[in-house]
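Please keep the structure in view while reading.

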Amino acid sequence: MRQKIIAGNWKMNNDKEETKSLINSLKSISFSKDVKVMIAPSYIHLSDAAEMLKDHKIDVLAQNMHFLNNGAYTGEISPQMLKSIGISKVILGHSERRIYYNETENSLKQKIKAAIESNFEIIFCFGEQLSDRKKGKHFDLIKNQLKIPLFHLESNSWKRIILAYEPVWAIGTGETATPNQVQEMHSFIRGLIKQNYNDDLANSISILYGGSVKSKNSKEIFSQDDVDGGLIGGASLDFSEFVKIIESI
Ligand code: PGA
């Protein structure tokens, strides 16, 4: 059975008090043991979040990290620093990092290598732009986004990988991919893992969907065969909405 996961990506939102209050509210809920709940607060609040959730089932993720452990990289945070505050999970390759901070398949390859060497669990994000889909290039594009950073890894390293398909045109726009479009892409992605590795590995990898998931559309998306959960942006900032999404899986 693949792990079901709902992860909240809080992006650059929530100050210290808002972060603590949302974490305390989430701690008060006992979610089904079948679903793994994760949250990704901003860097400045990760220490607080890790401390508050130390003995709790909710996992804390960083939203990004550097590939080196230290050095002259102003403004960056390293795997070692995260480990030292009890964080060993990270989101890599989010489209906002690719678009605004020029992350590429090659830089993500370095980050993934570093994350695996430091025993991190990784939610790896990827997805096409609307123009790619309109030109019918979305499958090729997704294949390339996965190939360079991931398809050279040893099978064993895939234990640390969670995939998150996030079509850029659906992120924060209110436009969601239809359940059919999501299933079609997730099944394509699982097929690529089969081709590059084997059926067992492909069937063990959790593939999340992200892009304007709300409580009103989550159930239908999560009920698709190859969808194992969601990476939730805007709706994860609203406590009751996020809880409804978690409970819909
Ligand atoms: P959204 O963001 O749910 O606000 O569309 C998803 C994401 O960026 O991971």
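In this predicted model, a polar side-chain atom of H94 lies 2.6 Å from an oxygen atom of the ligand. Local features need pLDDT of at least 70 and side-chain atom pairs pLDDT 80 or more, while totals for chains, interfaces and linings use all residues. Residues are numbered from 1 along each chain as its sequence is written, and side-chain values use heavy atoms, without hydrogens and water.

| Protein atom | Ligand atom | Distance |
|---|---|---|
| H94, polar side-chain atom | oxygen | 2.6 Å |
| G172, polar backbone atom | oxygen | 2.6 Å |
| G233, polar backbone atom | oxygen | 2.9 Å |

On its own the ligand has 280 Å² of accessible area (Shrake-Rupley method, 1.4 Å probe), and the protein covers 97% of this area. Around the ligand stand 13 residues (a heavy atom within 4 Å), and the closest are K11, H94, E166, G172 and S212. This shell has four nonpolar, seven polar and two charged residues, with Gly counted as polar.

Seven aromatic pairs are counted (ring centres of Phe, Tyr or Trp, its six-membered ring, within 6.5 Å). Ring pairs join F124, F126, Y165 and Y209 into a cluster.

Terms used:
Polar contact = N/O pair within 3.5 Å; in protein donor to acceptor, adjacent residues only side chain to side chain. Phe/Tyr/Trp six-rings, centres within 6.5 Å; stacked < 30°, edge-to-face > 60°.
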